[in-house]
Amino acid sequence: MKSDIEDLFDRDKQNEPKMKVERKAGEPTAAFKGASWAALLIGVSAYLIGLFNAAMELNEKGYYFAILIFGLYSSVSLQKAVRDKDEGIPVTNIYYGISWLALLIAILLMGIGLYNAGSIVLSEKGFYGMAFVLSIFAAITVQKNIRDAQKARESD
């Protein structure tokens, strides 16, 4: 059983102000950055582990791996182009259009590949689709966080 003195010390600890981490204006929180990185690592890892364990020919595995890398790159490129345009940084229309086209092609190739994959069961197709979408979304979010943190540091 706690004594009165121990109880008093516990109450004092509860009233102490907690150390707050200073964040610059516009910088994402550590929790949001961590969640974004975790989502990216989980999505890409799940996709690659699934691909490694899949009963596919090596050329099929290469196709799905290439689509993942293409999708990640094109999504980050598109996020950068959209952000640059929004901030008034010059972006050529051809680059902006190619960024959109590349992401749409990556998604389309993934959909077509999964639709035509006769050797993959439906649940596995869903797994690849969801891991792909999670990875792309997380890559965009990680890129946004990096850009926001950089901009917050530069404005200081």
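Visitor: How local are the contacts in the chain between residues at least 6 apart in sequence, and what share join residues at least 24 apart?

Guide: Among those contacts, 74% join residues at least 24 apart. Contact means heavy atoms within 4.5 Å. This is a predicted model, where local features need pLDDT of at least 70, side-chain atom pairs count only at pLDDT 80 or more, and totals for chains, interfaces and linings use all residues. Residues are numbered from 1 along each chain as its sequence is written, and side-chain values use heavy atoms, with hydrogens and water left out.

Visitor: Take α2. Which residues are buried there?

Guide: Ser 36, Leu 40, Gly 43, Val 44, Tyr 47, Gly 50 and Leu 51. The buried residues of α2 pack against α3 (58-86), α4 (93-116) and α5 (122-154).

Visitor: What span does α2 reach?

Guide: Helix α2 (residues 30-53) has 24 residues and reaches 34 Å from first C-alpha to last, close to the 34 Å expected at 1.5 Å a residue. The expected span is 1.5 Å times one less than the number of residues.

Visitor: Switching to aromatics. How many pairs?

Guide: The count comes to 4 aromatic pairs. Rings of Phe, Tyr and Trp (its six-membered ring) pair if their centres lie within 6.5 Å; planes under 30 degrees apart count as stacked, over 60 as edge-to-face and the rest as tilted. In Tyr 47 and Tyr 128 the ring centres are 5.6 Å apart and the planes at 75°, so that pair is edge-to-face.

Visitor: Which helices hold Tyr 47 and Tyr 128?

Guide: Tyr 47 lies in α2 and Tyr 128 in α5, so the pair ties together parts that are 81 residues apart in sequence. Tyr 47 is buried at 0% relative accessible area, and Tyr 128 is buried at 1%. Tyr 128 also pairs with Phe 127: their centres are 5.4 Å apart and their planes at 65°, so this pair is edge-to-face. Phe 127 is partly exposed, at 34%.

Visitor: Which residues make up the aromatic cluster?

Guide: Tyr 47, Tyr 63, Tyr 64, Phe 127 and Tyr 128 form one cluster.

Visitor: Now α3 and α5. At what angle do they pack?

Guide: At about 40°, with their axes 9 Å apart. Axes are lines fitted to C-alpha atoms, for helices over the stretch in contact, and angles run from 0 to 180 degrees between N-to-C directions.

Visitor: Which residues meet there?

Guide: From α3 they include Ile 67, Leu 68, Gly 71 and Leu 72; from α5 they include Phe 132, Ser 135, Ile 136 and Ala 139.

Visitor: Last one, Ala 106. Buried or exposed?

Guide: Ala 106, in helix α4, counts as buried at 0% relative accessibility. Leaving aside neighbours within four places in sequence, Ala 106 is in contact with Ile 67, Phe 70, Gly 71, Ser 74 and Phe 132. Ala 106 and Leu 68 are 38 residues apart in sequence and 7.9 Å apart in space, C-alpha to C-alpha.

Note on methods
Helices (H or I, at least four residues) and strands (E, at least two) are DSSP runs, numbered from the N terminus. Buried means under 20% relative accessible area, exposed over 50%, partly exposed in between (1.4 Å probe, protein chains only).
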